[in-house]
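This report describes selected local features of one protein model.

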Amino acid sequence: MNPGHRVQARPVVWALALYAFVPHVAEAQTQWTSGRPDGHAPIGVMGDHTHEAGEFMLSYRFMRMNMDGNRTGTEEASTSEVLAAFPVSPLRMPMDMHMFGVMVAPSDRVTFLVMVPYLQIDMDHVTRTNVEFTTHGSGIGDVSVGGLIGLKREGSVRAHLNAAVSIPTGSIEVMDVTPASSGNEVQLPYPMQLGSGTFDVKPGLTLLGMGPRASWGAQAIGTVRIGSNDHDYTLGNRVDATAWGAVRLNEWVSASLRGHLATWGDVDGQDPAPSVNPAQGPTARADLRGGTRFDLPVGLNLYVPTGGMKGHRLEAEFGVPVYQDLHGPQLQTTWSLTVGWQKSFN
């Protein structure tokens, strides 16, 4: 197995330490509640809260991640440097995701969830002969199903386990035309595929706390790939750890600041498709897919407490990376935006 495929789960330890040592901001708030603008995590966090028995929630998120320019380790790599090693260099890649979610609580302790993503990916390239071209992929990604299991449900501090499985519904055979394909569609490299091709287990832990005018939370989620896919490779394991604080500005609005650490491994194995030739470009190199990134997203959350629109939430979060260490050359992230809507029903 590729050493880069293994990702340590230290952020889980950090989340437990946060629960043990962060002061409970909630001495005056004896019961955590979702009925406040800061009663949910920032919109970029999923699986952040449980529901009462008989409740269900619908949600929609639009997420855009913009990648522009290459990076090797912590240093930027120019296009000319990439072309000195490969015939083709990626230039930029905007990726849009529409995420549809349903949460249902059959009991106070267990909440089930289903998340269905639809992806749109475009990647711009340039060749050594200065030919620019764009490849495109779109479709349903990997669907996640799972549950949230309450550990602590009373008082100002809540805790629950996250347990989900990602089902390989996303294609790993996305195709498009390239300058080398003589007008024919060929399979595209790893970043342009819509899924992992494997069943992926996603265990995690979420902590929440609330005070009279502020709330906080922390979450650590792992992604463990099970076996190899039909193309004889496995995407790298991944760990996401995040912590946030939110301030309630009034009964309708809160603002949040979040830190998000993600670390993921290289691809283990090699796609045998002739068009995924490691010599042609860094996007086809299995050993150049891993990395670590730390983002600082800021958010604004609107919650309607009364009237005909009571319970509706509109949220937005914008983030930029403050640290990136990539097994590159690999496209670096420049910014990300998430906006969304949520509504719970009894």
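Glutamate 315 lies in strand S17 (residues 313-345), strands being DSSP runs of E of at least two residues, numbered from the N terminus. The model is predicted: local features need pLDDT of at least 70 and side-chain atom pairs pLDDT 80 or more, while totals for chains, interfaces and linings use all residues. Residues are numbered from 1 along each chain as its sequence is written, and side-chain values use heavy atoms, with hydrogens and water left out.

Glutamate 315 is buried but forms no salt bridge. Buried denotes under 20% relative accessible area, exposed over 50%, and partly exposed in between (1.4 Å probe, protein chains only). A salt bridge requires a side-chain nitrogen of Lys or Arg within 4 Å of a carboxyl oxygen of Asp or Glu. The nearest side chain of opposite charge, arginine 313, is 5.1 Å away; Lys and Arg count as positive, Asp and Glu as negative, and His and the chain ends are not counted. Contacts of glutamate 315 (heavy atoms within 4.5 Å), not counting residues up to four places away in sequence, include Ala41, Leu300 and Gln342.

The whole structure holds 11 salt bridges, including the following.

| Pair | N to O distance |
|---|---|
| Arginine 238 and aspartate 240 | 2.7 Å |
| Arginine 285 and aspartate 287 | 2.8 Å |
| Arginine 293 and aspartate 295 | 3.2 Å |

Arginine 293 is buried at 9% relative accessibility, and aspartate 295 is buried at 5%. Arginine 285 is partly exposed at 25%, as is aspartate 287 at 35%. Arginine 238 is partly exposed at 25%, whereas aspartate 240 is buried at 17%.

The largest pocket has a volume of about 450 Å³. A pocket is an open set of points on a 1 Å grid over the protein atoms alone, with protein on both sides within 12 Å along at least five of seven lines; a 1.4 Å probe is used, and lining residues have an atom within 4 Å of a point. Volume is the space filled by probe spheres set on the points, which are joined across faces, edges and corners. Of its 27 lining residues, Val88, Phe133, Thr178, Ser275 and Gln280 lie nearest the centre of the largest pocket.

The second largest pocket has a volume of about 330 Å³. S17 gives the most to the lining of this second largest pocket, with five residues.

Proline 191 occupies the loop between S9 and strand S10 (199-210) and is buried at 15% relative accessibility. Its C-alpha is 10.0 Å from that of aspartate 122, 69 residues apart in sequence.

Conventions. Helices (H or I, at least four residues) and strands (E, at least two) are DSSP runs, numbered from the N terminus.
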